[in-house]
Amino acid sequence: MDLTISVDGHAVLWPGIVLLGLAVGYLAGMFGVGGGFIVTPLLSAVFGVPLQVAAGTSLAQMVGTALVAFLRHQKVKQGEPRFDLLMLAGSVLGVDAGTRAVGALAAAGSARIAGRSIPWIHIILDPLYIAFLVTAAVMFWWHGEERREPGPLARVRWLAVDLPRVGFRASAPLIAYVGFGLGFLSGLLGVGGGVALLPVLVFGFGFPFRQAAGTGILVVLTTAIVGTIVHALEGNVHLGLAMMLLVGSSISAQLGAVATKKAPIDRLTKVFVVVVGATIVAVGWSCVRQLR
Amino acid sequence: MSIILYAAACVVVPALWGLAMYKVFGRVQRQRKGPPPIDYMI
């Protein structure tokens, strides 16, 4: 029995992919995360999937997870929908730009570092993944403090609009630029981008934490759909791989959600930071391996 | 043409699976006690 599937010419061990989906889903169920920030770097660093395919495939499986999160948030009315709609304008352009950027990096060839030929896509994206993962770990370690007043970005008054659920006004073009940045990260790295959006909302705009956590889901869903289409047209989506991840993760997410009830939140946070740390080590090790 | 159909499938198939899971596990979610978990979607 052949335990490998061919992904862009690379033999990938499919039981490992199913295990990755199960593990990420469990984590997603415990913490309410999408998991793209772990899936994409691990697909590349551990399974050898080309980064552009890992990003496209991760976005495709995110269509399923983000749709569920969007439907759930519609019920609990968490987040600021007006902010979401304003971000949409920028995020659609951003995800297209990010996808084109990753395509350009994949086609850019390699640079010689310490006598070794290292692809440009790894030189640029691996440090970005590490920065993203460190931000994720920090955001989970800190997750209770809230601001009581509008942040510095909310003081920009250019074409300001009311944000009724958070109780202040913010500049509509600035929000669209935030959406562009989020979309760009999604297209480039194959991540939902909530971990990048959260500090901008909480520290930049002064959103209360729960409203910040619920904001951006519509944007994540839209960017996942647009990003998947653009990546698929570039040949960067492996639907079979995406479905293996999605099937495993959507089932184990239910077990993770049950586990949340049984374990204290402090211990869960430590587990999360350990998993993110292990992912950072895997990406770092992959960088070192290329230099050896 | 086939690449366009493939791109559409890459969106529709995961979305349908997500929708199915939402329906199937919706009852389990509703039975959970306490406040809904914070959803970071990262």
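## Basis of the model

The model is predicted, so that local features need pLDDT of at least 70 and side-chain atom pairs count only at pLDDT 80 or more, while totals for chains, interfaces and linings use all residues. Residues are numbered from 1 along each chain as its sequence is written, and chains are lettered from A, with ligands numbered from 1, in the order in which they are written.

## Overall fold

Chain A has 11 helices and 6 strands, which are DSSP runs (helices H or I, at least four residues; strands E, at least two) numbered from the N terminus. The C-alpha atoms of chain A fill a box of roughly 55 × 45 × 35 Å along the principal axes. Of its 292 residues, 49% count as buried, a term that requires 20 or more other C-beta atoms within 10 Å of the residue's own, with C-beta atoms placed from the backbone.

## Helices H4 and H9

In chain A, helix H4 (residues 81-107) packs with helix H9 (residues 217-233) at an angle of about 25°, their axes being 9 Å apart. H4(A) is therefore roughly parallel to H9(A), as angles under 35 degrees count as roughly parallel; axes are lines fitted to C-alpha atoms over the stretch in contact, and angles run from 0 to 180 degrees between N-to-C directions.

## A buried residue

A:Val195 lies in helix H7 (residues 194-205) of chain A, and A:Val195 is buried because 26 other C-beta atoms lie within 10 Å. Although A:Val195 and A:Thr135 are 60 residues apart in sequence, they are 7.0 Å apart in space, C-alpha to C-alpha.

Terms used: Buried ≥ 20, exposed ≤ 12 C-beta atoms within 10 Å, placed from the backbone. Parallel < 35°, antiparallel > 145°, perpendicular 65-115°, else oblique.
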